[in-house]
Amino acid sequence: MPITPDKIKALCFDLGNTLIEFGPRQIAYQYAALVKVLTELFGFCDASRLKAARDSQIVAPFSSGYKENNPRVLCEELIRGVYDIVPQQCQVERLIQTRYELFVRAVELPDGVMALLNKLRRRYRLGLLSNYPCSRSVRDSLVKIGLSEIFEVVVVSGDVGYVKPHAKPFESMLLQLGLHPSECVYIGDNWLADVQGAKRMGMCSIFTTQYVPYESFEPAEKDHSPDARIEHLNELEELLLP
Ligand SMILES: [Mg+2]
């Protein structure tokens, strides 16, 4: 189904690897910083155990009914995964705070994104729907890169309790926009979470391959196809502002 711009009222965006880069480079930076803080707290940190624990946490929601992780539980698990100990609450707090700071620090707005969103905003309402356990990390990073005012609605899976492709985060977005799914386009880089999630809801879907995601899901038989594919976000202008 081709996208018919005159039927569309809102554009809803994924954040990581759609509007901003959040791929292997950013994840590697986070791992290095986590090793440092864990070493300070508990002594030698086995980086391969840390990576194994984190990698399994990243994909865990996709094999547990799409339930989002709790940031506190994630940090406790991580410490247990690397050191086999039950941490004190103050140590867990320190790790939660470190992960928050690392996330906000890693988020940078690529050139041209602000100008593009401002053009799109003249014609469409804009929303953001992101999978991330810590809502504060996403919201404060939007403030940092100057995007907090541009979106009418911001939904983070950590607030909803479920990750895309589950219907609940999409329903929250649509409810707050007061729109029917057919009036919205969802733009994202994750085949399962973004393309399948949006299409199952009845939204239009644009699949972007501009960045290399850390986790990726292969298309399965009977999967929905996106309504359009882009290799760079700037292609949205031609697609949606004819
Ligand atoms: Mg993404």
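Where does Lys 222 lie? Lys 222 is in the loop between strand 5, residues 204-208, and strand 6, residues 228-230. Before going on, note that this is a predicted model.

Lys 222 is not a glycine, yet its phi is positive, about 70°. As for its surroundings, Lys 222 has 5 C-beta neighbours inside 10 Å, and the cut-off for exposed is 12 or fewer, so Lys 222 counts as exposed.

Next, Asp 84. This residue also is not a glycine, and it has a positive phi of about 55°. Asp 84 sits in the loop that runs between helix 3 (71-83) and helix 4 (89-106). Is Asp 84 buried or exposed? With 8 C-beta neighbours inside 10 Å, Asp 84 counts as exposed.

Now a peptide bond. The one from Lys 164 to Pro 165 is cis, and its omega is near 15°. Pro 165 is found in the loop between helix 7 (157-160) and helix 8 (167-177).

Last, the helix pair. Helix 1 covers residues 24-42 and helix 2 covers residues 47-59; their axes come within 10 Å and cross at roughly 120°. That angle makes helix 1 oblique to helix 2. The crossing of the two is right-handed.

Which residues meet there? From helix 1 they are Tyr 31, Leu 34, Val 35 and Leu 38, and from helix 2 they are Ala 47, Leu 50, Lys 51 and Arg 54. By class, this contact between helix 1 and helix 2 has six nonpolar residues, two charged and no polar ones.

Definitions and conventions:
Residues are numbered from 1 along each chain as its sequence is written. This is a predicted model: local features need pLDDT of at least 70, side-chain atom pairs count only at pLDDT 80 or more; totals for chains, interfaces and linings use all residues. Helices (H or I, at least four residues) and strands (E, at least two) are DSSP runs, numbered from the N terminus. A residue is buried if 20 or more other C-beta atoms lie within 10 Å of its own, exposed if 12 or fewer, and partly exposed in between; C-beta atoms are placed from the backbone. Axes are lines fitted to C-alpha atoms, for helices over the stretch in contact, and angles run from 0 to 180 degrees between N-to-C directions. Angles under 35 degrees count as roughly parallel, over 145 as roughly antiparallel, 65 to 115 as roughly perpendicular and the rest as oblique. A crossing is left-handed if the near helix is turned anticlockwise from the far one by less than a right angle, and right-handed if clockwise. Two residues are in contact if their C-beta atoms, placed from the backbone, lie within 7 Å. Ala, Val, Leu, Ile, Met, Phe, Trp, Tyr, Cys and Pro count as nonpolar, Asp, Glu, Lys and Arg as charged, and the others, Gly among them, as polar.
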